[in-house]
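Welcome! Let us take a friendly look at how some parts of this chain sit together.

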Amino acid sequence: MTQPIVIPISRRSVVAGLALAGPATLAGAHKTYAQTQQSTPEKSDKSLYDRLGGIFAIALVVDHFSDALVKNPIVGQQSKNPQLREWHTKSLNRLPGLKFMRTLWVAEVSGGPYKFTPTRPGATPLGLEEAHRNLKITPAEFDEVAAELGRTLDFAKVPKREKDEVLAAFAAHKGQVTAGSKGG
């Protein structure tokens with residue numbers, strides 16, 4: 001039996017990584033997903049993780065999404081939000097790690113065999129609200145990140161059912177992620 005991989009990761013890095021993206025190599029993600037679907041006719045009892053195509057397909061989507069966020073005019077390098085603009089211009093050296101953490105987070109929340117443990121690097125557990133507080137993400141900016149995620153899922157040819165589930169899981173965290181924009 002395989003054991004879950006437990007890796008402490010900063011939720012702040014993961015969430016910030018979701019806010020960073022630009023075009024990357026996602027070619028083939030839809031092929032991987034299509035091959036998985038052709039070989040598994042009964043998919044109603046499969047987890048979202050399995051229906052998305054597993055860790056490699058999730059990593060491809062996260063890679064594309066993260067790169068797209070970096071270039072997004074509303075939440076990326078040209079953002080009117082100075083905190084987001086600074087992150088997407090001065091913290092790109094952290095993007096590979098953020099992509100890794102986002103991949104683990106998506107794998108876990110979609111029912112995969114991985115465990116994501118959000119922490120401040122080398123310190124204590126960190127929730128979504130605290131991880132994003134200093135970025136001061138507004139509800140409108142969160143919605144643009146969600147829209148970018150939707151465009152990435154379309155790019156990867158993720159079927160509607162799975163796309164809707166991913167977007168609903170993302171939207172469930174809107175209040176936590178945007179709490180910092182309220183001056184709290």
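A residue counts as buried under 20% relative accessible area, as exposed over 50% and as partly exposed in between, using a 1.4 Å probe and protein chains only. Both Phe-142 and Phe-170 are buried.

This is a predicted model, in which local features need pLDDT of at least 70 and side-chain atom pairs count only at pLDDT 80 or more, while totals for chains, interfaces and linings use all residues. Residues are numbered from 1 along each chain as its sequence is written, and side-chain values use heavy atoms, leaving out hydrogens and water.

**Aromatic pairs**

Searching the whole structure gives two aromatic pairs (ring centres of Phe, Tyr or the six-membered ring of Trp within 6.5 Å; planes under 30 degrees apart are stacked, over 60 edge-to-face, the rest tilted).

| Pair | Centre to centre | Angle between planes | Type |
|---|---|---|---|
| Tyr-49 and Tyr-114 | 6.4 Å | 55° | tilted |
| Phe-142 and Phe-170 | 4.8 Å | 20° | stacked |

Tyr-49 belongs to helix H3 (residues 48–52) and Tyr-114 to strand E2 (residues 114–118), 65 residues apart. Helices (H or I) are DSSP runs of at least four residues and strands (E) of at least two, numbered from the N terminus. Tyr-49 is buried at 9% relative accessible area, and Tyr-114 is buried too, at 19%. The phenylalanine pair links Phe-142 in helix H8 (residues 139–155) with Phe-170 in helix H9 (residues 160–171), 28 residues apart.

**An exposed lysine**

Lys-182 lies in the segment after helix H10 (174–177). With 58% relative accessibility, Lys-182 is exposed. Its C-alpha atom is 8.1 Å from that of Thr-138, 44 residues apart along the chain.
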